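Please open the model in your viewer and keep the selection panel at hand.

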Amino acid sequence: MFFSIPNGTLTVCRDAAGIAGNIFAFGLFISPIPTFKRIIRNQSTENFSGLPYIYALLNCLICTWYGTPLVSHDNVPVMTVNSIGAVFQITYIVTFIVYADKEKKMRMLRMLLTVFGLLAIIVAGSLQIADRATRWIFVGFLSCASLISMFASPLFIINLVIRTRSVEFMPFYLSLSTFLMSTSFLLYGIFNFDAFIYVPNGIGTILGILQLVLYFRYQKKSMEESSEPLMVSQA
């Protein structure tokens, strides 16, 4: 597909897309801050769910492992963005646990331990695969499935927007960050000839476009006072 493009140009384009993806991902990582400001202010998690942050952490950890040199070749931007994302998710989860009631606290602790247990199994299992290409395919499928599930998580919000004709629970900057980050890593995956990156991010780009289209269509019909989102989506 890019055989007529010099390798040096491909490398520059790939690195630029990777850096852009890291920058835009930061917008996603900080999007739950208003929610946690409210939790800290009220000293209660109220009806907020901690599951999105558990899922996001698992996704970040799997994708970080995929980006390491032990699994894939020259995927440093994937490793850096997801390792930073994992730090954010752990911070959110710890904060959630601190202010949750006893039942939620214990449930979140169990899920957090499960996430680290699953990661340990994936890492240990993949290292048992001696063939580098087979290891790359194995972890690649896991990371691809994880990314697709994360990008699919806003579908219920999209359905809510269509039903209510209101974008109250779909913040513009969150949708924009999702689109920009997904597009950047879509290009990064294409330039790096990595289907495990460009396929899920291609899906994320399409969903990001859909969210932006819905936002501009229904923004005038939104409620005057918007509530803080119960969950956010991660790359």
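The stops below each give a selection and then what is found there.

This is a predicted model, in which local features need pLDDT of at least 70 and side-chain atom pairs count only at pLDDT 80 or more, while totals for chains, interfaces and linings use all residues. Residues are numbered from 1 along each chain as its sequence is written, and side-chain values use heavy atoms, with hydrogens and water left out.

**The whole chain**

Begin with a cartoon view of the protein chain, which has 9 helices and 0 strands, where helices (H or I, at least four residues) and strands (E, at least two) are DSSP runs numbered from the N terminus. Of its 235 residues, 45% count as buried; buried means under 20% relative accessible area, exposed over 50%, and partly exposed in between, with a 1.4 Å probe and protein chains only. Among contacts (heavy atoms within 4.5 Å) between residues at least 6 apart in sequence, 79% join residues at least 24 apart.

**The interior**

Next select Val 161, Met 170 and Phe 185, the residues with the most contacts inside the largest nonpolar core, which has 31 residues. Such a core is a set of buried Ala, Val, Leu, Ile, Met, Phe, Trp, Tyr and Cys residues joined through side-chain atoms within 4.5 Å. Helices that each supply at least two residues of this core include α1, α3 (51–67), α4 (76–99) and α8 (172–191), and the largest share, 6 residues, comes from α9. Centre the view on Phe 185: leaving aside residues up to four places away in sequence, Phe 185 touches Gly 18, Gly 21, Asn 22, Pro 77, Val 78, Val 81, Ile 197 and Asn 201. A second, separate core of 18 residues can be picked up by selecting Ile 39, Ala 86, Ile 93 and Leu 119, which are among its members.

**Charged pairs**

Now turn to Arg 14, found in helix α1 (residues 7–29) and counted as buried because its relative accessibility is 11%. Which residues are linked with Arg 14 in a network of salt bridges? The network joins Arg 14, Asp 15 and Asp 74, a salt bridge being a side-chain nitrogen of Lys or Arg within 4 Å of a carboxyl oxygen of Asp or Glu. Between Arg 14 and Asp 15 the closest N and O atoms are 3.1 Å apart, and Asp 15 is partly exposed at 31%. Beyond residues up to four places away in sequence, Arg 14 touches Asp 74, Tyr 188, Phe 191 and Asn 192.

Select Arg 107 and Glu 103 next: both lie in helix α5 (residues 102–127), 4 residues apart, about one turn of the helix, and their salt bridge has its closest N and O atoms 3.8 Å apart. Glu 103 is exposed at 59%, whereas Arg 107 counts as partly exposed at 35%.

**Cysteines**

Show the cysteine sulfurs: the structure holds 0 disulfides, a disulfide being a pair of cysteine sulfur atoms within 2.5 Å. The sulfur of Cys 60 is 7.1 Å from the closest cysteine sulfur, in Cys 63, and is therefore too far for a bond. Cys 60 is buried, at 0% relative accessibility.

**The surface**

Finish with Ile 90, Val 94, Val 98 and Phe 116, which form a nonpolar surface patch with about 310 Å² of accessible area together. Patches are made of residues with over 30% relative accessible area and no salt bridge, with like charges joined within 9 Å and nonpolar side chains (Val, Leu, Ile, Met, Phe, Trp, Tyr) within 5 Å; accessible areas come from the Shrake-Rupley method with a 1.4 Å probe, and for residues only the protein chains shown count as cover. Helix α4 gives the most to the patch, with 3 residues.
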